[in-house]
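User: Hi, I have a structure open and would like to go through it. Can you help me read it?

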Amino acid sequence: MIPKKEVVAMLLAGGQGSRLGVLTKKIAKPAVPFGGKYRIIDFPLSNCINSGIEAVGVLTQYQPLELNEYVGNGQPWDLDGIHSGVTCLQPYESKEGSDWYSGTANAIYQNIGFVDRYDPDYIVVLSGDHIYKMDYAAMVDYHKENNAACTIAAMDVPMDEASRFGILNTNEDNTIYEFEEKPEHPKSTNASMGIYVFTWKTVRSYLIKDAQNPDSHNDFGKDVLPLMLDSGEKMIAYPFEGYWKDVGTIDSLWEANMDLLDPKVQLDLKNIYSRNPMMPPHHIGDTGEIQNSMVSDGCNIDGKLEFSIIFPGVIIGKDAVINSSILFPGVVIEDGAHVEFSIIAENTTIGKNAKVGAAPTEMENRDDWGITVVGNGLKIGEGVTVPCKAMIDQDMEV
C-alpha cells in the first residue's frame, strides 16, 4: 500500500511550444536546454524537492521521448523513492474512451487515479515552461491558513504588459472576485503565474463536472477556475516577489538566458538540479578570449566569446566570434565564423567564415531585427550568411 502524502504535485509538460519554432520540432518545450547546464523542467522539479514535495506526476504528450528519458527515475532531483518520486504520465485509452489531453484540466482529470493513490489533502499544479524558484510549501501553508479551495500564485506586472496575462482582480484580503483572461483593458496588474494549490477533494469534483460538459475547453483558466468562482468557492491570490519568466517564446527564452549574465537580476541557481553528462573541464586555447559568459564542461574555446552561454561539448574555432548568443550542447563553430544574437540548437555546425545573426546596432530599421535561430543537427556551410530574425530548419550552403 502506498503511504499517504499530504501534497502531490502535477507538472503540466505536454505542450507543443509552437512559438519556440525549430527548437521544439523534435522535443517538448520543458526539455529545451537553458542556462548552460539545465533544461527548463529542472526548475519546477527542483522546486518540488526543495519544498518537501516527494510525489510528482509529469504529464507529457507532445514529443515525449527525450523528456521522458531526461526525467528518468528522478534521481538527479532526489525524486526516486520507493513509494514516491517522479512519474511520467502520458495519455492512454481507457474504458471511458479517454484520448489525448484536450486541455490542462483534462490532463489532471485523466490522472485522477494517480493522485488518488496518494490520498492527498492538496495538489499543486505547475507549468513546465517557467524559470523561477519558489517554496511551494509556503504557498500550501498560505492556502491552509486561509481555508481556501484554490490558491493562485500572482505577481505584479507593469500595466503595459498586463494584457498578456490572466489577471486576478482581488479584494484587500487577496480573495479573488474576478478573472480576466488577457484583457484588452485590465483592471489591475495582478497577473496569474499559472501555479495553483487546490484542496484535492474540492477540485476533484470540479474536474469531473468539467469533463461532463461537452462545451468546455477542459482548461483551468477558461473553465474550471471560473466555475469554482461562480460556485462560491473561496479563491485567493498568493503574492510572489522574485524572478519569474515564462520562456514560451524565442525572445523570452533568449532574455532569460541573458539575465543569468546580468548582476542586477536576482536569479539564484543554487539548489537547481539537473541531469548532466560527465565531461572533462572546458579548455581555453591561447587564442581564446572570454568576457562575461558562462562556459560548461567539455568545451574548447579558441575564438572570442562575449555575453554568451555555452552548453557542454561546444567547440569554437580560431578567429570565431560569439556575441550575445546561446549555443546548445555539441555545437561546432568553425574558424572565422561570427554568431551574434542567436540561438544555435544541439549538434549544429556553423561553417568557416559564416555569419549568423546580427546586433541591433547593425540594423537600419529596428523593426526588422530579432533573434536568429538555427535548428538541431544542421550544417551552415562555409561563408553562408544567415540574417537576423531568421529561423532555419534545414542545411544551408552557398
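Analyst: Start with a term: buried means under 20% relative accessible area, exposed over 50%, and partly exposed in between (1.4 Å probe, protein chains only). This is a predicted model, where local features need pLDDT of at least 70, side-chain atom pairs count only at pLDDT 80 or more, and totals for chains, interfaces and linings use all residues. Residues are numbered from 1 along each chain as its sequence is written, and side-chain values use heavy atoms, with hydrogens and water left out.

User: OK. Is Asn218 buried or exposed?

Analyst: Asn218 counts as buried, because its relative accessibility is 12%. Its phi is positive, about 60°, although Asn218 is not a glycine.

User: Where does Asn218 lie?

Analyst: In the loop between helix 6 (200–211) and helix 7 (220–230). Helices (H or I, at least four residues) and strands (E, at least two) are DSSP runs, numbered from the N terminus.

User: And what about the phi of Asp119?

Analyst: Asp119 has a positive phi of about 50°, and it is not a glycine. It sits in the loop between helix 4 (112–118) and strand 6 (122–127). Asp119 is partly exposed, at 45% relative accessible area.

User: How many bridges join strand 21 and strand 24?

Analyst: Three, in the parallel sense, between residues 321–323 and residues 338–340. Asn323 has Glu340 in strand 24 as its bridge partner.

Technical notes:
Two strands pair if DSSP finds at least two bridges between them.
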